[in-house]
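This report goes through one protein chain, part by part. Please keep the sequence and the 3D view open while reading.

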Amino acid sequence: MIRTKGEAGTGDVVFAVRHMRQIIREMRALTVLSEQELYAAAKDHQAPYELIRMVAQTGKLPVPNFSAGGIATPADAALMMQLGAEAIFVGSGIFMKERATPLDVENDPKERAEAVSRAKAIVIATTHFNDPKILAEVAEQVTGTMKGLAAAAIEEKDLLQTRGW
């Protein structure tokens, strides 16, 4: 599995979009290379030649590409699918309310209903990402508002997306 790196818990899908576009761009670039250029690309990407060759032939990775980090609305999920994600991972971002504090889904029935509404809408948007009519309908069904956090406002040392390889 490969995961796009957005900033978890922010509701700011920008970084996940940028990373998805980078992944797709780099895969497409491999499809036009000669065999010798593929060897050089394998070296540049620090990846096995066979993997690079496979991606060059198929135009995609041999593992699922799932998108995560900053995806908090049905529109975010649909956009990531349209950009090439094969699955969506949604975490804490959907449980934020207008004050950017977590919803109290355990003790507040209204807040639980908001979280369930948003989660169901995201599942439907992921499934029907190319159907504008369904996307508009699910967007209208989402109750409650949420205030995101701009990932650009987070100090580099505190970003989750820069961790790991």
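## The sheet

In strand 2, Ser 67 is the bridge partner of Thr 4. Helices (H or I, at least four residues) and strands (E, at least two) are DSSP runs, numbered from the N terminus. The model is predicted, so local features need pLDDT of at least 70 and side-chain atom pairs count only at pLDDT 80 or more, while totals for chains, interfaces and linings use all residues. Residues are numbered from 1 along each chain as its sequence is written, and side-chain values use heavy atoms, with hydrogens and water left out.

Strand 1 and strand 2 run parallel and are joined by four bridges; two strands pair if DSSP finds at least two bridges between them. Strand 2 (residues 65-68) also pairs with strand 3 in the parallel sense, over three bridges. Here Phe 66 stands opposite Ala 87 in strand 3. Together the three strands form an open sheet in the order 1-2-3. Strand 1 (2-5) and strand 3 (87-89) are at the edges with a single partner strand each, so one side of each has no neighbour in the sheet. On average, neighbouring strands are turned by 30° against each other, direction ignored. (Axes are lines fitted to C-alpha atoms, for helices over the stretch in contact, and angles run from 0 to 180 degrees between N-to-C directions.)

## Both faces of strand 2

In a regular strand the side chains alternate between the two faces of the sheet. Strand 2 is covered on both faces: Asn 65 and Ser 67 on one side are buried, and so are Phe 66 and Ala 68 on the other. Buried means under 20% relative accessible area, exposed over 50%, and partly exposed in between (1.4 Å probe, protein chains only).

Ser 67 has a relative accessible area of 0%. Leaving out residues up to four places away in sequence, Ser 67 touches Thr 4, Ala 16, Met 20, Met 80, Ala 85, Ala 87, Ile 88 and Phe 89; contact means heavy atoms within 4.5 Å. Helix 1 lies across strand 1 and strand 2, and runs at about 130° to strand 1.

## The nonpolar cores

Which residues touch the most other members of the largest nonpolar core? They are Leu 30, Ile 52, Met 80 and Ile 88, in a core of 24 residues. A nonpolar core is a set of buried Ala, Val, Leu, Ile, Met, Phe, Trp, Tyr and Cys residues joined through side-chain atoms within 4.5 Å. Helix 1 (14-30), helix 2 (35-45), helix 3 (49-58) and helix 4 (74-83) each supply at least two residues of this core. Helix 1 gives the largest share, with seven residues. Apart from this core lies another, of six residues, including Ala 78, Ala 121, Leu 135 and Val 138.

Met 80 has contacts with Thr 4, Val 13, Ala 16, Val 17, Met 20, Ser 67, Ile 71, Ala 85 and Ile 88, again not counting residues up to four places away in sequence.

## Rings and a charge

How many aromatic pairs does a search of the whole structure find? It finds one. Rings of Phe, Tyr and Trp (its six-membered ring) pair if their centres lie within 6.5 Å; planes under 30 degrees apart count as stacked, over 60 as edge-to-face and the rest as tilted. The ring centres of Tyr 39 and Tyr 49 are 3.9 Å apart and the planes are at 10°, so this pair is stacked. Tyr 39 lies in helix 2 and Tyr 49 in helix 3, so the pair ties together parts that are 10 residues apart in sequence. Tyr 39 is partly exposed, at a relative accessible area of 45%, whereas Tyr 49 is buried, at 16%.

Arg 18 lies over the face of Phe 15, at 5.2 Å from the ring centre. A charge sits over a ring if NZ of Lys or CZ of Arg is within 6 Å of the ring centre and within 35 degrees of the ring normal.

## The chain as a whole

The chain has six helices and three strands. From the N terminus on, the elements run β-α-α-α-β-α-β-α-α. Of the 165 residues in the chain, 36% are buried.
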